[in-house]
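Subject: Structure handover

Hello,

The structure is below. Please read through it with the notes that follow.

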Number of protein chains: 2
Amino acid sequence: MASPGSGFWSFGSEDGSGDPENSGTARAWCQVAQKFTGGIGNKLCALLYGDAEKPAESGGSQPRTTSRKATCACNQKPCNCPKAEVNYAFLHATDLLPACDGERPTLAFLQDVMDILLQYVVKSFDRSTKVIDFHYPNELLQEYNWELADQPQNLEEILMHCQTTLKYAIKTGHPRYFNQLSTGLDMVGLAADWLTSTANTNMFTYEIAPVFVLLEYVTLKKMREIIGWPGGSGDGIFSPGGAISNMYAMLIARFKMFPEVKEKGMAAVPRLIAFTSEHSHFSLKKGAAALGIGTDSVILIKCDERGKMIPSDLERRILEAKQKGFVPFLVSATAGTTVYGAFDPLLAVADICKKYKIWMHVDAAWGGGLLMSRKHKWKLSGVERANSVTWNPHKMMGVPLQCSALLVREEGLMQSCNQMHASYLFQQDKHYDLSYDTGDKALQCGRHVDVFKLWLMWRAKGTTGFEAHIDKCLELAEYLYNIIKNREGYEMVFDGKPQHTNVCFWYVPPSLRVLDNNEERMSRLSKVAPVIKARMMESGTTMVSYQPLGDKVNFFRMVISNPAATHQDIDFLIEEIERLGQDL
Amino acid sequence: MASPGSGFWSFGSEDGSGDPENSGTARAWCQVAQKFTGGIGNKLCALLYGDAEKPAESGGSQPRTTSRKATCACNQKPCNCPKAEVNYAFLHATDLLPACDGERPTLAFLQDVMDILLQYVVKSFDRSTKVIDFHYPNELLQEYNWELADQPQNLEEILMHCQTTLKYAIKTGHPRYFNQLSTGLDMVGLAADWLTSTANTNMFTYEIAPVFVLLEYVTLKKMREIIGWPGGSGDGIFSPGGAISNMYAMLIARFKMFPEVKEKGMAAVPRLIAFTSEHSHFSLKKGAAALGIGTDSVILIKCDERGKMIPSDLERRILEAKQKGFVPFLVSATAGTTVYGAFDPLLAVADICKKYKIWMHVDAAWGGGLLMSRKHKWKLSGVERANSVTWNPHKMMGVPLQCSALLVREEGLMQSCNQMHASYLFQQDKHYDLSYDTGDKALQCGRHVDVFKLWLMWRAKGTTGFEAHIDKCLELAEYLYNIIKNREGYEMVFDGKPQHTNVCFWYVPPSLRVLDNNEERMSRLSKVAPVIKARMMESGTTMVSYQPLGDKVNFFRMVISNPAATHQDIDFLIEEIERLGQDL
């Protein structure tokens, strides 16, 4: 069993340095918080100042026996209010609802969890806090006892685990976290995800998820309208991520061409070939491996220097496959590649797909968000000619994870492809319109409710709000590009203004700037980004991704999807890269 | 744009009847709530009494212009406190963090969302509230405007949408909700899921999910220990549900036998055959269709009258397949079938799999929880001989949705089967131990954090707490069985004490009891359960599932996984079935 060491209590002073900037922020924040009645302000202040955090009188490694206040409104610290005390050290999960008299401890416990979460939310947006308090895996494993045991722990320990978990979490909403395509923390999305957890239901039938099933219907229809399919007609589903959405597309394309594959398997069909660009996402190959198509049957089409698929190469490879007697069944064009943020020329791809009667899929997991922007949606021109589209609102649109949609132009195909008619779920003699029992079109049986956070955010922001979000992030990327394109010590991986928020560049430390462009320089340059990244994580100030690609050695890939970021944060990133990398 | 009609405000008086029992409960609850300081009690009381709920002075369809209190501690209702007012009618999502000065409205907004959720949580366990406030799809679609628009809505409308959504939600934690295998609402699991949403990260690398990756490691190891694999060694993953976990098993089994399938596809391998029982879950066929194996290659093995696979039939069908030159590659035994709750004889299946060198998978999505009980785990004897096991803690263990694990005995196989070495995620020159970057073993790229709620619940309950939960639910099922097995008007679908919590029975209304057991009786009996179920949903008092199976016409399948249920709730279900069905 874990005994809470003093480390459990260090959440309040994150870097342990007593940094005056930090405590100044805390104090300033407290002044704001004090305007609240109702105890939240006091509690958060106490947490920020640390006096509710440290095991003060009770000594380092012992659970505190003093009480936490459920919701105390007094202004004194330490507070000695006699009312409504909840001593979590003597409470266990079994004292919470549905226990008799469980309401009081339940409300107090959930409120205290909420206070911990609210504190984390506020800190996530505070630039004086770290993006990450990095520890190596073996350190984290050794510093704490994470093991599972036979006996229960008390609720005080459970609250501490919540604090500890957040202490070591990445603040993915932090304005200086640029590491992944999914960043940011939207407050309405967060609220919606909390509600989804509380409703705790499953998407398979209208019977048990009436509102969520309707909202999925409404939201998918709206997304199809935005894609440009007449009247928003078609089909779709929210799936557990872009890789699965892409796999669905491959599955449905195959079924459309050879419906007998469902019963007979791949043995009954000729060799099928899928085409996608060399810059496309690895999930296409992953899907082909899983679906029994095989990765050798995924042909990677050449890209131009900006990472866009070259249509003439696509056509050449289609003809080549046909000459071998193989059957081209799917082209997956990418709208927003993972590394370069490139948009394949969808209109040209659509023409080729039409000519050869091939299913056109668009993987717009990353780029789909640009459809919300009148300024940028031209980059996806031709998407309306696709047979299916992957679009992940949890990326560029800032919806909390997970939220990925697969949209299909032809209605009913998903159902035919995947349905198994389980009589225990999809009873045909129910008393309501069975067309709302959409679960049988899924690969999954149970399916998490992913739609509500998108729907509620859409209501709160409007399409115009998403547009403003997208336009802002793209403007920030252009700002970064303009700063570094002519700055000493930077080289762009490809020329020209970014089409998405991806900005790919090398930082060249002074010692390398004098070298000729030879193998030694390449070899040394390849080691720069990993070292800077490691130093970033250890100092916890910012995070950005790097990778090699093709013959290009490790370079930084900056992406911006968090509307919390500002020009100053971009400036900070540049300064930080130079601070951490100049001696290399 | 939706204009909030009066229906939006009816959450406080759920059935609109002014039912004295309901308001009595509300009053009693308020007395408890009043013991709190800090405003929660007052706010919840106000919500229960409805004076904060109804658009009182401002008229039906107009947004209120009066203010909501962020957190008011006064005892007066209506409250006129001048402090800390937040007028949501004038606030939008853009006023929340990361906006400048966004902390105050953000904390107030999230606290108000939380109050709505806490109210829902309390009502979920209140037997005087409905399980469901049922509306037909067209009613729900017409009564409200769910459409998405260009312009944003204010936060008052957003809070109303939260209330409306919960008003029509199924209370899946309600003690009388028995409809699915996943029921109940665990308070620690809920808190953990809120934290997961707040952390909003992705499982693919240690870099961005350090604690969650370690907790997955610890938790999967513990689950493998409980399965009985030496030292808990092996592999595994949390996947988006049991169907996907079963698909993983099929995928890995195929790869183990024919690794070339990854590159070459199914064309390169002989015809593969999978075996599972006729009572097994439909996801086996769904997986076979997706993986290019084909549903015809899934052979359904006969079951005995209790729904258990008959080993001699399994062996016969394996030999038959081999004689045809096909290759048996997978047997999926079920531990806890969906309808009967039957446990296949795992030891006998293991002997056959060993004899013919076939991958043995155990689909214990539903039955896996029984491994936590010293009293009941014998039902899974032989599971330790499996090559892979599906086990869904979101079913019998009451973890919030989604939480499904696939456990694999051989380490490294998942990685070899699924890895694609994406260089932008799985950089090989990172500064920490790369074995913790587990994302490439998944079919997915991004993957939701499903482990934390299970881990935190396990810490809070201990293994003994899960054991008590399981034992209690099984005892309740036996209680139900003992009541109805000899009760007039009931017929059991199969004889004998239930092995899981599934109790399958027909209710025979008085008018049918006099009929001979002929086709007419069967035909009339088949219509009884759907009508009773429809009436249940319309009255909202309880929910239980029904279905036909094989030659058996519609029968009720009772399942119990919610520890909130009591003997009285079982009695209530029986009385309710009789009340709603006696005239049929």
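A:Ser332 has A:His361, in strand 8 of chain A, as its bridge partner. Strand 8 covers residues 359-363 of chain A, and strand 7 (residues 327-334) of chain A pairs with strand 8 in the parallel sense over 5 bridges. Strands here are DSSP E runs of at least two residues, helices are H or I runs of at least four residues, and both are numbered from the N terminus. Two strands pair if DSSP finds at least two bridges between them.

This is a predicted model, in which local features need pLDDT of at least 70 and side-chain atom pairs count only at pLDDT 80 or more, while totals for chains, interfaces and linings use all residues. Residues are numbered from 1 along each chain as its sequence is written, chains are lettered from A and ligands numbered from 1 in the order in which they are written, and side-chain values use heavy atoms, with hydrogens and water left out.

Is strand 8 of chain A enclosed or open? 5 of its 5 residues are buried, so strand 8 of chain A is largely enclosed by the rest of the structure. Buried means under 20% relative accessible area, exposed means over 50%, and partly exposed is in between (1.4 Å probe, protein chains only). In a regular strand the side chains alternate between the two faces of the sheet. On one side of strand 8 of chain A are A:Trp359, A:His361 and A:Asp363, and on the other are A:Met360 and A:Val362; all are buried.

Another sheet in chain A is open, with 5 strands in the order 3-13-14-12-11 and mixed pairing. Its edge strands, strand 3 (177-178) and strand 11 (490-492) of chain A, each pair on one side only. Strand 12 (residues 503-507) and strand 14 (residues 552-558) of chain A pair in the antiparallel sense over 3 bridges.

A salt bridge joins A:Arg521 and A:Glu491, with the closest N and O atoms 2.7 Å apart. The term means a side-chain nitrogen of Lys or Arg within 4 Å of a carboxyl oxygen of Asp or Glu. A:Arg521 lies in helix 16 (residues 519-526) and A:Glu491 in strand 11 of chain A, so the pair ties together parts that are 30 residues apart in sequence. A:Arg521 is buried at 6% relative accessibility, whereas A:Glu491 is partly exposed at 30%. Over all chains the structure holds 52 salt bridges.

A:Met223 is in helix 7 (residues 210-227) of chain A and is buried, with a relative accessible area of 0%. Contact means heavy atoms within 4.5 Å.

How many residues does each chain give to the contact between chain B and chain A? Chain B gives 166 residues and chain A gives 166 residues. The two chains bury about 14,800 Å² between them, 68% of it on carbon and sulfur atoms; buried area is the accessible area (1.4 Å probe) that two parts lose on being put together, summed over both. The rule finds 6 salt bridges across this interface. One salt bridge is between B:Lys533 and A:Glu207, whose closest N and O atoms are 2.5 Å apart. A:Glu207 and B:Lys533 are also linked with A:Lys430 and A:Asp437 in a network of salt bridges.

Regards
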